[in-house]
Amino acid sequence: MAGQVVQSSQEGTRDLGPMPAWNLDDLYPGYRSEAVQNDLATASAEATALQQRWQGKLTTATGGQLADAIKSYEALSDTLGRLGSYAGLLYAADTANPDYAKFYGDIQERLTAITTALIFFELELNQIDDAALARAIETPALAHYKPWLDDLRREKPYQLEEKLERVFHEKSITSRASWNRLFNETMTALKFEVAGEREPLALEPTLNLLLSPVETKRRYAAEALAKVFKDNIRLFTLITNTLAKDKEISDRWRGFKDVADSRHLANRVEGPVVDALVDAVRGAYASTSHRYYAMKARWLGKDKLAFWDRNAPLPDQPQRIVTWADAQSIVLDAYAGFAPDMAKIARKFFDGRWIDAPVRDGKSPGAFSHPTVPSSHPYILMNYQGKPRDVMTLAHELGHGVHQVLAAPLGPLLAPTPLTLAETASVFGEMLTFRALLAATKDPKERKALLAQKTEDMINTVVRQVAFYSFERHVHEERRAGELTSERLGEIWMQVQTESLGPAIDLSDGYETFWCYVPHFIHSPFYVYAYAFGDCLVNSLFGLYQDAHPGFVAKYFAMLEAGGSKHHSELLAPFGLDATQRAF
C-alpha cells in the first residue's frame, strides 16, 4: 500500500479523482523488514540496560545524572513509539488483513514485554523528595524536562507499587487491548444491506447515506444500521460492560473517586472546569439544538424530524460533490489566508502522502491524525466521500497534523498534548475553512446551506459530545452496581439523546442501539468532552482573531508549539481567556 495513489471504487465516489493511500515507508519499509526486527532487538537491549543502570539509583542521582537518565528514556520512547505507530497504522488501514492483524498483535505483545522493564523509572522519579527535585531542576539539562516532571508528580497519588503496576501493564494485552481489538475487527467487518443499493455496504458508506438529499435513502440506511446493530447488540453490550468493569477495577485500585477523574487527570483539566462546560452546554440545549431542529423541521415541511433526517441537507441545498483535488485547494487556501506557514506545513501531508483518503473494505471507520513520533511525522486516516462535511473533516485532521508537527521539536515526552487542547487546533482549522468558503459563496441558497451545515457541525461537536459524556457517566456509574443489559443501555442512550436533541426529533424504534458504534466509548472513555471544550475555546479564539487581537497569529503558533509543556491556563493567558469560568 505504501506510496500508491488510488481511485476509490465505492459507489458514489467514482468522480472524486485520484486519492492518496499513505506511504508508511517513512516509518519502516515493510512489516517483515529487518529494520523492524533490528529496532525491536535494540529497544529490548536498551530497556534492559537502562533498568540495570538506573533502577534503585534515581532517588539519589544528581541533576545531571537525572537529565542523562531521562534523555535515554526519551530516546527509547521514540523507538518504541515508532514501532507501535507503524503497527497501529498498518492495521487501521486494513483490519481485515490477517497478516496485519497478527503483526499488530505481536508488536503489542513485544512492546508490553519491553516496557515492563521500564515501569520502575517513573515510579522512582516520583519517589524523589520534593526539595531534592527542586534543587536538581536547577541543572539546565534537567530544567528542560520540568513540565514533564510536574505532570508526572500529578500522577503520584494514583500510582501503585511496582509489582502491581507490572501486573496491570502485562495484563492489559489480554484485557483492555484485546476487547478494543475485538470491537475494531467486528465493526469493520459489519455489512449493511441497504434497500436500493447493489451490494452490502460497510459502516462508513452506510452512514454517508444519512446525508443523502433523498429521504428514502436516508431511511433505508437508518433501517439497515438499526437491524445490524440489533443483530450484534449482545456482543457490543458485552464489550461495553467488560471495559467499564475493567476501568472500575483500575480506578478503584488507583484511588480515583469519580468515574471521569482519570480522564481529567490525563487531560490536565480540573473536574470543576468540565462541570462548568457541561452545565453551560446542557443549560443551552433549548436555545441551541432544540431551537435549531425545530427550524429545520419547518424547512423540511415536517412537524418532526425522523432521526435519520437530523443531518439531511436542506430541500433547496445545491448538491455539490467536492473532488479530492478541490478539497486540497480549499483547505490549503483557507490555511494560507490565516498564515502562510500553516499552509506550508499542511501541504507536506499531500506532497509526502501522509494521508490515506479513500474508503476501502476493512479500513477503520472515521478519521484521525496520528502523531507517530517526533523523529518522524504524523499520518492522517480519512474515509473521503466528497461531501462538504468531508472537506471539514480534512480541515479538522490537518489542524491536528499541523499542531503535531509544530510540537514535535519538544521531543517524545513534552510534545504530546492533552485532548482538550489537541482538539483546539483541529476545530480552528475547520473554522478557517468554513469562513473561507462562506466568504467566497454569493448564492443565498448556498450560503444558507453552509450556515446550516456549520450550525449542525457545531451542535454535533458541542451538544452531541456533551450528551455522549452524560451517557458515559450514566453507564460507568451504573456499572459499578452490576452489568447493564442491552435494553438498559438503550434506555440511557434514548434519555440523553432526547434531552439534548429536543422534541423536534422523533427518536423512533431502532435508534436505541446507535450507541454501539461510537468508538470513543470503547477506546478512550470520556474523551468526548474534549471536542466540546475545543469548539468553545475556538469560538473564543476566533472572536479575538476577528477583532484583530494584537499579535494573534504569533500567539496562536506559540500555543501550538508548546505541545504538552504548559497547562491550559498558561496557554490561554496571553489571549486573556479563562476556561475555569462558566461564562467562557
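**Group meeting: aromatic pairs and overall fold**

Helices here are DSSP runs of H or I with at least four residues, strands are runs of E with at least two, and both are numbered from the N terminus. The model is a predicted one, in which local features need pLDDT of at least 70, side-chain atom pairs count only at pLDDT 80 or more, and totals for chains, interfaces and linings use all residues. Residues are numbered from 1 along each chain as its sequence is written, and side-chain values use heavy atoms, with hydrogens and water left out.

Back to serine 376. Its relative accessible area is 18%, so serine 376 is buried; buried means under 20%, exposed over 50%, and partly exposed in between, with a 1.4 Å probe and protein chains only. Leaving aside residues up to four places away in sequence, serine 376 touches Asp26, Leu27 and Arg82, where contact means heavy atoms within 4.5 Å.

Glutamate 34 is in helix α1 (residues 34–54). Buried or exposed? Glutamate 34 counts as exposed, at 63% relative accessibility. From glutamate 34 to leucine 560 there are 526 residues in sequence and 36 Å in space, C-alpha to C-alpha.

Now the whole chain. The secondary structure comes to 25 helices and seven strands. The radius of gyration is 24 Å, close to the 25 Å that the globule rule gives for 584 residues, so the chain is as compact as a globular protein of that length. That radius is taken over C-alpha atoms, and the rule is 2.2 Å times the number of residues to the power 0.38. Along the principal axes, the C-alpha atoms fill a box of roughly 75 × 55 × 50 Å. Of the 584 residues, 56% count as buried. Among contacts with a separation of 6 or more, 75% are between residues 24 or more positions apart. The accessible surface is about 24,500 Å², and 52% of that belongs to carbon and sulfur atoms; areas come from the Shrake-Rupley method with a 1.4 Å probe, and for residues only the protein chains shown count as cover.

Next, the rings. How many aromatic pairs does the structure hold? There are 45 aromatic pairs. Phenylalanine 192 and phenylalanine 229 form one that is edge-to-face, at 5.8 Å centre to centre and 85 degrees between the planes. Rings of Phe, Tyr and Trp (its six-membered ring) pair if their centres lie within 6.5 Å; planes under 30 degrees apart are stacked, over 60 edge-to-face, and the rest tilted. Phenylalanine 192 lies in the loop between α9 (176–189) and α10 (203–208) and phenylalanine 229 in helix α11 (residues 215–231), so the pair ties together parts 37 residues apart in sequence. Phenylalanine 192 is buried at 0%, and phenylalanine 229 is buried at 0%.

Phenylalanine 471 and tryptophan 493 have ring centres 5.4 Å apart and planes at 85 degrees, so this pair is edge-to-face. Phenylalanine 471 is in helix α20 (residues 444–479) and tryptophan 493 in helix α21 (residues 486–501), 22 residues apart. Phenylalanine 471 is buried at 3% and tryptophan 493 at 0%. One aromatic cluster includes Phe192, Phe229, Phe471 and Trp493.

Last, charges over rings. Arginine 254 lies over the face of phenylalanine 168, 5.3 Å from the ring centre, and lysine 448 over the face of tryptophan 299, at 4.5 Å. The criterion is NZ of Lys or CZ of Arg within 6 Å of the ring centre and within 35 degrees of the ring normal.
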